[in-house]
Amino acid sequence: MRVLLQHVAHARSGDKGNTSNISVIAYDPELYPYLKEQLTAERFKAFYSGVVTGAVNRYVIDHLWAMNFVAQGALGGGVSRSLCLDNYGKSLSARVLAFELDIPDDLRSRLRGLSELKN
Amino acid sequence: MKPRIRVGAGSAWWGDRIEPAALNAKQGNLDYLCFETMAEATISAAQVRARRDPTFPGYDTYLDDRMQAVLPACLERGTKIISNQGWINPEGAAQRIVHWLREFGARGVKVAAISGSLITERALELTDTILENGKPTSSLRENLVSAEVYLGAEPIVAALQQGANIVVSGRVADPSIFMAPMMFEFGWDALDHMRLGRGNGIGHLMECGAQVTGGYFADPGFKDVPDPWNFAFPIAEVEPDGNATLSKVAGTGGAINLMTVKEQLLYEVHDPANYITPDVVVDFTTAQLEQAGPDRVRVTNLSGKPRTPTLKVSIGCTEGFIGEDMFFYAGPGALRRAQLAKKILEERFKIVKLQAEEVRIDFLGLNAIHGAMSPQNQPEPYEIAVRVAARCKTREEAVKVGREVDGMAVSGIGMTGKRVPHQDRTREIIGVWSSLVPREKIKPTIQFFES
């Protein structure tokens, strides 16, 4: 089944200078391998295109089911220079919740927010 | 040696709530209460303000509120306080704290002020290269407002060793504020990178306060949090080996679970195996997390690597001004009117010859937050705010943004909602750059005051 990432993982963003880091953490260890395989640094950068202007590096901590995406050139020049209303990029992590993933049907019960699930 | 110490958070930034600090002081049974009150630009902003406003004392503007809220309970319990509320005037902050101690009838309480992080005058001779762009730091000479080194835990430990009950500092790396009590109580050596890695890692989990107890977390139906209007700040019960359990005062809202801890573990971290602090390089990738009870998470096996030979320097520079304002549309056709308004502003900025490095006109409700990555072909919202911002070299140029929005009142288009211009619609930009300074060039000083 194809689902939005919001059913598979949670996320938080933080700022340092003009770099945003966005952690993406699976809700369940059974879901994590599918997340790790499909949400590569390249796909992440493409999914944030128009906002992230620099390189994206991905760091993984498998036993915590967690990945950390470090996106350079994501904050309009930095918190104090940015013209974006959300100049810290606190809401940037929400974007990745819309990324689409393929998950085996038999893992449906592991997903979060089932009442929001479209299929 | 104590078998464990209880270290609580009192604030995660300047504007943080004060009740949870008072609650930690009263009910946290704390050995230490730690306050973090700075953002990247806090010191530079304080320098700018001090230049213009001679009455500004140069320390946390909420120092009085915070100290009044926590001092009585801390004095009663014997809780020591570690705080970076000194900003650009740690001595002044210490003297003000002494004032409050006397008000509360406490005599003989020692308050230490730690200075030495401010290196504005020496910054260009002590540093070489701007980390962000590789240019020489001397290129910042004209606009430099302030430069400060991120100090580590060592001067705080020294103050505690000399009998301080309260330590107030200028810029100290956030996790170090929380680790200093661990080093002092457990006798950790400043070069013991395994223990310091653990202690700094725990400090990192604590320094954003409620962000590990359920704040910046809730998402209804996905990540539900009980009573999110009543968060507590975290408490770390730390053992001599640096392993710790995170908890909070019972009966409060929020949650401490594996999800809140993992999110905070990676917050503002780049390479999680190499998180550079003044004291140690933390490795978060070895962490073991375990739900040890309701709202209790045990954090073990964090690790560390030897500290770097340099300390980070933050250099604040004046870089111009941002002008910003907004106005509103609603009802059928809100979007078409907003689009015409955008066109009018673009033409007006040409007519008044706005000199700007960047101009941004957003439709709040459609694309103001996620900008160019917002989905196309969204349904038209019922309400839209047109929000315009421009970054300019001078205030005179930035003022034009608000003045052109003023013009939208009677010279704009139909059914434009607008605020009365009751506030300053320009703000100064203090850009922050980073560099490195050799560790041995920085000599913090400690001054003691007594109530």
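Reader: What's the handedness of the crossing of helix 7 of chain B and helix 8 of chain B?
Author: That crossing is right-handed. Right-handed here means the near helix is turned clockwise from the far one, and left-handed means anticlockwise by less than a right angle. Helices (H or I, at least four residues) and strands (E, at least two) are DSSP runs, numbered from the N terminus. Keep in mind that this is a predicted model: local features need pLDDT of at least 70 and side-chain atom pairs count only at pLDDT 80 or more, while totals for chains, interfaces and linings use all residues. Residues are numbered from 1 along each chain as its sequence is written, with chains lettered from A and ligands numbered from 1 in the order in which they are written.

Reader: At what angle do helix 7 and helix 8 of chain B pack?
Author: About 135 degrees, with the axes 7 Å apart. Axes are lines fitted to C-alpha atoms, for helices over the stretch in contact, and angles run from 0 to 180 degrees between N-to-C directions. Helix 7 and helix 8 of chain B are therefore oblique to each other. Under 35 degrees would count as roughly parallel, over 145 as roughly antiparallel, 65 to 115 as roughly perpendicular, and the rest is oblique.

Reader: And which residues of helix 6 of chain B meet helix 7 of chain B?
Author: B:Ile156, B:Val157, B:Leu160 and B:Gln161 meet B:Ala180, B:Met183 and B:Phe184 in helix 7. Contact means C-beta atoms, placed from the backbone, within 7 Å. Helix 6 and helix 7 of chain B pack at about 50 degrees, with axes 9 Å apart.

Reader: Ok, new topic: which residues touch the most other members of the largest nonpolar core?
Author: A:Val24, B:Ile156, B:Val167 and B:Ala180, out of 168 residues in that core. Strand 14 (residues 310-330) of chain B gives the most, with 9 residues. Such a core is a set of buried Ala, Val, Leu, Ile, Met, Phe, Trp, Tyr and Cys residues joined through C-beta atoms within 7 Å.

Reader: Last one: is B:Val297 buried or exposed?
Author: B:Val297 is buried, because 24 other C-beta atoms lie within 10 Å. Buried takes 20 or more, exposed is 12 or fewer, and partly exposed is in between, with C-beta atoms placed from the backbone. B:Val297 is found in strand 12 (residues 296-300) of chain B. B:Leu258 is 39 residues away from B:Val297 in sequence and 6.9 Å away in space, C-alpha to C-alpha.

How values were computed:
Contact = placed C-beta atoms within 7 Å.
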